[in-house]
Amino acid sequence: MDFTRADFPDDFLFGVATSAYQIEGHGFGGAGPTHWDSFAATPGNVVNAAHGQVACDHYHRMDEDLDLIANAGFDVYRFSTSWARVLPEGRGTPNPQGLDFYDRLVDGLLERGVKPALTLYHWELPSALADLGGWRNRDIANWFADYTRIITERIGERVWSAAPINEPWCVSWASHFEGHHAPGLRDIRATARAMHHVLLAHGRAIEVMRDQGMGNLGAVCNFEYAQPVDDSPEAARATATYDAIYNRFFLGGLFHGAYPDEVLAGLEPHLPDKWQDDFPTIRQPVDWCGLNYYTRKIIGPADTPWPALRDCPGPLPKTEMGWEIYPDGLHHFLTRTARDYTGDLPLYVTENGMANADRPGVPDQARIDYLNAHIASLRQAMAEGVPVKGYFIWSLMDNYEWALGYDKRFGLVHVDFDTLQRTPKASYEALKVALTDT
């Protein structure tokens with residue numbers, strides 16, 4: 001790596017991230033069905049019809065995985081709890097095996113000197129709640145609050161931080177407008193309601209955790225740098241719309257109690273009645289903001305209904321996801337978020353990483369280069385006074401990459417999905433040297 005821990009302030013934290021459904025193995029421990037299970041069981045939705053019933057079998061291999069985190073010198077492990085593992089029907093009686101599992105996880109991290117960073121929801125909605133409309137149903141905010149209370153009553157006092165929902169754009173837009181993620185809808189009314197309700201649920205969860213005396217609570221949004229395909233006014237308009245949907249809608253709700261005009265132009269007729277009255281709940285104060293960043297998109301106009309835009313091919317080198325590698329975008333979002341939304345609030349890069357065609361014994365130099373470039377961009381923002389307090393890599397290990405199944409490998413650790421053997425990659429070893437260098 002091009003850096004060591006000594007290049008950062010003493011309080012700067014390095015971490016690694018995963019999510020429950022992507023690694024645990026949802027077929028174990030009494031977990032209930034989720035909308036991802038039914039989405040994956042529908043032909044054509046997921047590469048090779050892959051599912052998360054075994055995933056990386058983290059449920060049974062937790063100690064081995066926690067040792068990998070600690071041995072690399074990471075300060076923080078950002079993990080998620082599965083709603084359907086804790087509450088198999090989404091409501092009602094908790095699953096003791098699920099609560100015990102997360103008990104052991106948090107205790108295992110603390111025993112190893114690693115800070116537990118909790119995310120309450122990373123996309124796997126219990127099927128029973130999906131049957132009731134899921135994120136389209138306003139009641140989900142209170143269902144989520146009840147789930148929050150159950151899991152945080154068990155582990156809340158021992159986690160270092162907590163955030164309600166990972167990447168609201170993916171939970172709502174990618175899942176209800178583009179149909180790429182469960183529940184696989186393409187419906188503008190469903191999208192508008194999901195986008196609003198995911199923020200309302202965030203606010204209700206923050207209220208619950210504050211009521212329990214928890215601190216260090218945050219919000220985690222994802223970002224894509226949007227650049228127009230040409231100098232035309234039409235491309236500029238399309239790019240502004242894309243930026244508003246992806247990058248400004250959720251921050252606007254969380255920190256300003258307002259949605260961008262470019263989004264309201266398409267979604268306002270479909271938002272719930274009296275949606276403006278929910279902003280006091282949505283704007284519950286948070287202690288930090290997390291940014292997930294991977295790529296940029298080149299945007300052009302399209303002759304379609306709103307949002308009337310299209311992705312265009314870009315010229316930069318790409319990851320295995322087909323995503324352009326654009327480190328300057330991280331600097332852009334760190335500086336813009338602090339300037340326009342969060343002020344002096346601590347910022348964390350809660351996800352950054354790349355999919356690479358990795359196999360054991362072959363150095364993943366492309367990933368090392370990617371991480372170095374983005375950390376340099378982060379350091380530039382810090383040098384300009386942006387209060388960046390940590391950087392977390394996606395992901396600890398290769399895992400279930402949602403609609404792409406097991407084909408795309410983001411891990412610092414290689415997983416053989418036949419034997420489930422873990423093999424640290426060169427990027428893992430390079431980070432270990434950088435983080436343990438005193």
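**Cavities, pocket and salt bridges**

By class, eight nonpolar residues, three polar residues and one charged residue make up the lining of the largest cavity, where Ala, Val, Leu, Ile, Met, Phe, Trp, Tyr, Cys and Pro count as nonpolar, Asp, Glu, Lys and Arg as charged, and the others, Gly among them, as polar. The model is a predicted one, in which local features need pLDDT of at least 70 and side-chain atom pairs count only at pLDDT 80 or more, whereas totals for chains, interfaces and linings use all residues. Residues are numbered from 1 along each chain as its sequence is written, and side-chain values use heavy atoms, with hydrogens and water left out.

On a 1 Å grid over the protein atoms alone, a cavity is a set of points where a 1.4 Å probe fits but cannot get out, a pocket is an open set with protein on both sides within 12 Å along at least five of seven lines, and lining residues have an atom within 4 Å of a point. Grid points are joined across faces, edges and corners, and a volume is the space filled by probe spheres set on the points. Five cavities of 30 Å³ or more are found in the structure, and the largest holds about 60 Å³ of space. Its lining includes Arg78, Trp160, Trp288, Tyr348 and Phe392. Strand 3 (115-121), strand 4 (161-165) and strand 8 (347-351) are the elements that give two or more residues to this lining, strands being DSSP runs of E of at least two residues and helices runs of H or I of at least four, numbered from the N terminus.

The largest pocket has a volume of about 1,100 Å³ and is lined by 45 residues, of which Trp169, Glu178, His180, Glu224 and Lys297 lie nearest its centre. This lining divides into 24 nonpolar, nine polar and 12 charged residues, and strand 6 gives the most to it, with five residues.

The whole structure contains 28 salt bridges, each defined as a side-chain nitrogen of Lys or Arg within 4 Å of a carboxyl oxygen of Asp or Glu. In one of them, the closest N and O atoms of arginine 422 and aspartate 65 are 2.9 Å apart; because arginine 422 lies in strand 11 (residues 422-424) and aspartate 65 in helix 3 (residues 58-71), the pair ties together parts that are 357 residues apart in sequence. Both arginine 422 and aspartate 65 are buried, a term for under 20% relative accessible area, with exposed meaning over 50% and partly exposed in between (1.4 Å probe, protein chains only). A network of salt bridges links Asp358, Asp364, Arg367, Asp398, Arg409 and Lys425.
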